[in-house]
Amino acid sequence: MRYEGSIYRPPSEADAYILQATVGCSWNHCTYCDMYRDKRFRVRDLDETLTDVRAARLAFGNDVRKVFVADGDALVMDLPHWEAILGACREAFPRLKRVSAYATAMNLNAKPVEELARLRELGLKQLYIGPETGDDPTFKRIAKGAGFAAHAEAARRAHTAGIKLSAIFLLGVAGVERSQEHAEASARLITEMDPEFLSLLTLTVVPGTPLAKLEQTARFELPTVAGMLGELRTIVALAEPTGSIFRTNHASNYLPLAGRLPRDRQRILDVVDRALAGDVALRAEWARGL
Ligand code: SF4
């Protein structure tokens with residue numbers, strides 16, 4: 001297995017075999033993101049990728065139940081690439097339960113639903129998508145490349161194809177200026193996208209990113225910790241998915257929470273209120289990660 005540069009995967013893929021079929025992110029413009037800034041996007045040569053699958057089969061074939069296809073938006077690959085990769089994974093890993101990848105709304109909306117259904121049939125069962133916000137002015141400001149309507153359409157396509165969605169939203173991303181609008185619109189987009197899994201992360205302004213430059217010139221102000229917990233509270237209070245597994249277990253968060261929405265809404269709100277009142281310990285700044 002050969003990996004190029006830093007590799008990122010969601011916390012819930014910690015036990016997955018990571019197959020790097022693309023390098024970088026085909027979009028690579030989001031102002032807060034520095035994950036793939038050092039990489040020039042390309043789809044890896046298919047032979048190389050399939051050689052990696054064969055090497056993984058020899059190393060741990062029977063143990064692999066999950067495969068996460070990296071890097072930043074691997075769904076962008078065309079159908080022949082995906083068909084070859086998913087076929088090779090099914091052959092190599094007899095106990096494989098699911099393949100997943102990161103996706104953008106642009107990736108999803110560029111593929112016909114029939115194509116997505118074909119990928120689902122071949123084993124691509126889950127996509128991780130990070131709208132980060134539901135607020136259209138914030139989408140523009142962070143250069144996400146797609147807004148509320150495009151994300152709602154992307155979710156509709158994924159669900160029609162039978163692919164599960166894990167949606168990621170980012171506390172603090174709208175700054176102080178649009179904090180409330182961001183939280184309320186995020187709740188509306190969660191309701192609209194109705195993801196099976198929902199994660200909230202907390203923004204860290206990374207040096208060298210366009211967002212850091214805005215912060216240095218006082219054009220972006222990160223909300224306080226209490227302000228970001230307030231966003232979390234608003235999102236949990238207003239989002240109406242039909243049944244999402246909810247997590248804030250990412251290392252960036254001050255307050256790790258878990259449950260189901262809407263079922264556990266009140267219990268989660270109670271913990272957030274206790275945290276806001278200072279009665280629950282928050283993750284220390286030094287213990288946080290990106
Ligand atoms: S789409 Fe994802 S990986 Fe690509 S630049 Fe935006 S946040 Fe980063």
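Modeller: Let us begin with a helix contact: Phe-148, His-151, Ala-152 and Ala-155 in H6 meet Ala-185, Leu-189, Glu-192 and Met-193 in H7. Please bear in mind that this is a predicted model.

Biologist: What makes these residues of H6 and H7 a contact?

Modeller: Two residues are in contact if their C-beta atoms, placed from the backbone, lie within 7 Å. The H6 residues Phe-148, His-151, Ala-152 and Ala-155 meet their H7 partners in that sense. By class, the contact of H6 with H7 comprises six nonpolar residues, one polar and one charged.

Biologist: Why are H6 and H7 called roughly parallel?

Modeller: Helix H6 (residues 148-160) packs against H7 at an angle of about 25 degrees, and their axes are 9 Å apart. Angles under 35 degrees count as roughly parallel, and H6 and H7 therefore receive that description. Their crossing is right-handed.

Biologist: H7 also packs against H9; what are the angle and the distance between their axes?

Modeller: Helix H7 (residues 179-193) and helix H9 (residues 225-238) pack at about 30 degrees, with axes 8 Å apart. Because angles under 35 degrees count as roughly parallel, H7 is roughly parallel to H9. The crossing of H7 and H9 is right-handed. On the H7 side the contact is made by Ser-179, His-182, Ala-183, Glu-184, Ser-186, Ala-187 and Ile-190, and on the H9 side by Gly-227, Glu-231, Thr-234, Ile-235 and Leu-238. These residues divide into five nonpolar, five polar and two charged.

Biologist: How do you know that H1 is roughly parallel to H2?

Modeller: The axes of helix H1 (residues 46-60) and helix H2 (residues 79-92) come within 10 Å and cross at roughly 15 degrees. With the limit set at under 35 degrees, that angle makes H1 roughly parallel to H2. H1 passes H2 in a right-handed crossing. Leu-46, Thr-49, Leu-50, Val-53, Arg-54, Ala-56 and Arg-57 of H1 meet His-81, Ala-84, Ile-85, Ala-88, Cys-89 and Ala-92 of H2. Nine of the residues in this contact are nonpolar, two polar and two charged.

Biologist: Which residues surround the ligand?

Modeller: Cys-25, Trp-27, Asn-28, His-29, Cys-30, Cys-33, Met-35, Tyr-36, Gly-72, Asp-73, Thr-104 and Gly-130 surround the ligand. This shell divides into six nonpolar residues, five polar and one charged. Asn-28, one of the shell residues, has a positive phi of about 60 degrees although it is not a glycine. Asn-28 is located in the loop between strand S2 (22-23) and strand S3 (42-43).

Biologist: Which value of omega accompanies the cis peptide bond from Ala-70 to Asp-71?

Modeller: For the bond from Ala-70 to Asp-71, omega is near 10 degrees. Asp-71 is placed in the loop between strand S4 (66-70) and H2. The peptide bond from Leu-261 to Pro-262 is likewise cis, with omega near 5 degrees. Pro-262 lies in the loop between strand S10 (258-261) and helix H10 (265-276).

Biologist: How many helices and strands has the protein chain, and why is the chain described as compact as a globular protein of its length?

Modeller: The protein chain has 10 helices and 10 strands. Its radius of gyration is 19 Å, close to the 19 Å given by the globule rule for 290 residues, so the chain is as compact as a globular protein of that length. Along its principal axes the C-alpha trace spans about 55 × 40 × 35 Å.

How values were computed: Residues numbered from 1 in each chain as written. Predicted model: local features only at pLDDT ≥ 70, side-chain atom pairs only at ≥ 80, totals over all residues. Axes fitted to C-alpha atoms, helices over the stretch in contact; angles between N-to-C directions. Helix = DSSP H or I, 4+ residues; strand = E, 2+ residues; numbered from the N terminus. Parallel < 35°, antiparallel > 145°, perpendicular 65-115°, else oblique. Left-handed = near helix turned anticlockwise from the far one by under 90°. Nonpolar A, V, L, I, M, F, W, Y, C, P; charged D, E, K, R; others polar. Near = placed C-beta within 6 Å. Rg over C-alpha atoms; globule rule 2.2 N^0.38 Å.
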